[in-house]
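I opened a new notebook page for this structure. Below are my entries, in the order I looked things up.

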Amino acid sequence: MGLDQRGGIARQEEADNRQWEDLSRPAKPFDISKREVWEAYKKVKANRGAAGVDRQTIAEFELRLADNLYKLWNRLASGSYQPPPVLRVEIPKAGGGVRPLGIPTVSDRVAQMAIKQRLEPQLEPHFHPDSYGYRPGRSAHQAVAKARERCWRYSWVLDLDIKGFFDSIDHTLLMKAMRRHTKCRMTLLYIERWLQAPVRLADGTMQPRNSGVPQGGVISPLAANLFLHYVFDEWMHRNHPNVPFERYADDAVCHCRTLVEAQVLKTALEQRMAQCSLVLHPQKTQVVYCRDDNRREHFSVYQFNFLGFCFRPRLARSRIGKVFVSFLPGISPAAAKTIRQIVRRWRLHCRHTVGLTDLAQEINPVLKGWLNYYGRFYRSALYAVFDSLDQYLVRWVRRKYKRLKSKVTRARELIVKIQHQQPRLFAHWTLTQNGGQ
């Protein structure tokens, strides 16, 4: 992109900014500025996302951007804004089954973002320090690192799984929590309307919603965090102050000193969840023994999954080079399976008409994302995952060069040679350069 083109885009954005400057307070029942709506729109655009029930994309929304944003601001400020239905789509889960997502329209996402920007600074100071999900300045890696540290200090883990959490949130309890933190009539009005907005299913039928928040809505993660703040975080602080935990949205692990303590906590949490219209998954909620070289008791479960990582006994090397068994996180089998399935769908061996450099440029952004996330802990676990990708590259070589069609060993040697000559051509090749863990 040239300097003139970039300058033109910058000037256009400045013009749009000036258009949405609030020079005076609007004579409306609710005090929401055009600037807030404009800032919300920019964040929604940056996050991208699919079209909702109206099938309108962000690009189509931008064709009449000023009109669309003005209408939205006018309705929000006057109290007349009514959220459209949420589009229900289903995406496959890594461990099998499907996860239902609720996709709001572009305009509705902008409205939710405007309210979220107001509400989040009020709620954030009250959240628990061991709550990591969907919070500014916090990440899944921080939660995994803290869980790893505590698994070294505590012998037992209670791995929690709330069955259908996002679809089970009690609206009455959630609004009670909201009113505890904000008196803003506009915020409370629109959050209540978003909770009650119907869902349109794939066959076109409308489904009313009496509980739950759409997993995919802009305001949903913040609402879910507030709900679990009182259902779980505060309850743990009051009733089990000596049991540390990490929570990322509805994923949580609790660290206990003894098996009895973990079992008592599990029973107490089942009762607590029932009080709040939630259910712990009977199969996925489990007590786990953090076995290593220093903890060798016999127990039926020695591993658990948390945020795409599998915590289990693994070989490690001390600073002086001694090999020992430690309880460590590494990429989970479900996440590894998903990566292999995606690599298989790429069908790289069938794209022998393009060059290896072109293939690398196309898939490297995805590979870097996997490496940055799953490579943070126990990187050597990724060797086997990406071995399948190298096998597809060998097949690519055999199709590309007819003389190597039946010579698997020669094709493999060529890939190894290219890797030595261009070690950064494919992002996953850096694994062998940087070592395992």
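**Entry 1: N364**

Which residues is N364 in contact with, leaving aside its neighbours within four places in sequence? I found L425, F426 and A427 (contact means heavy atoms within 4.5 Å). N364 is found in helix α13. Helices here are DSSP runs of H or I with at least four residues, strands are E runs of at least two, and both are numbered from the N terminus. I looked up the accessibility of N364: it is 11%, so N364 counts as buried. Buried means under 20% relative accessible area, exposed means over 50%, and partly exposed lies in between (1.4 Å probe, protein chains only).

I noted what I am working with: this is a predicted model, where local features need pLDDT of at least 70, side-chain atom pairs count only at pLDDT 80 or more, and totals for chains, interfaces and linings use all residues. Residues are numbered from 1 along each chain as its sequence is written, and side-chain values use heavy atoms, with hydrogens and water left out.

**Entry 2: aromatic pairs**

I searched the whole structure and found 22 aromatic pairs. Rings of Phe, Tyr and Trp (its six-membered ring) pair if their centres lie within 6.5 Å; planes under 30 degrees apart count as stacked, over 60 as edge-to-face and the rest as tilted. The ring centres of F165 and F166 are 5.2 Å apart and the planes stand at 75°, so I wrote down edge-to-face. Both F165 and F166 are buried.

Next I took W370 and F386. Their ring centres are 6.4 Å apart and their planes are at 40°, so this pair is tilted. The pair links distant parts of the chain: W370 sits in helix α13 (residues 356-374) and F386 in helix α14, 16 residues apart. W370 has 11% relative accessibility, so I counted W370 as buried. F386 is buried too, at 3%.

I also noted a cluster: ring pairs link F30, Y81, Y190 and W194.

**Entry 3: α14 and α15**

At what angle do the axes of α14 and α15 cross? I read roughly 110°, with the axes of α14 (residues 382-400) and α15 (residues 408-421) coming within 9 Å. Axes are lines fitted to C-alpha atoms, for helices over the stretch in contact, and angles run from 0 to 180 degrees between N-to-C directions. That makes α14 roughly perpendicular to α15. Angles of 65 to 115 degrees count as roughly perpendicular, under 35 as roughly parallel, over 145 as roughly antiparallel and the rest as oblique.

The contact is made by L393, V394, V397 and R398 of α14 and V408, A411, R412, L414 and I415 of α15. By class, I have 7 nonpolar, no polar and 2 charged residues. Ala, Val, Leu, Ile, Met, Phe, Trp, Tyr, Cys and Pro count as nonpolar, Asp, Glu, Lys and Arg as charged, and the others, Gly among them, as polar.

**Entry 4: α8 and α10**

I looked at helix α8 (residues 171-181) and helix α10 (residues 220-239): their axes come within 9 Å and cross at roughly 90°. The two are therefore roughly perpendicular to each other. L173, L174, A177, M178, R180 and H181 of α8 meet A223, L226, F227 and Y230 of α10 in the contact. I sorted the contact residues into 8 nonpolar, 1 polar and 1 charged.

Is K322 buried or exposed? Its relative accessibility is 56%, so K322 counts as exposed. K322 is found in the loop between β10 (309-317) and β11 (323-331).

L63 lies in helix α3 (residues 58-63). At 70% relative accessibility, L63 counts as exposed.
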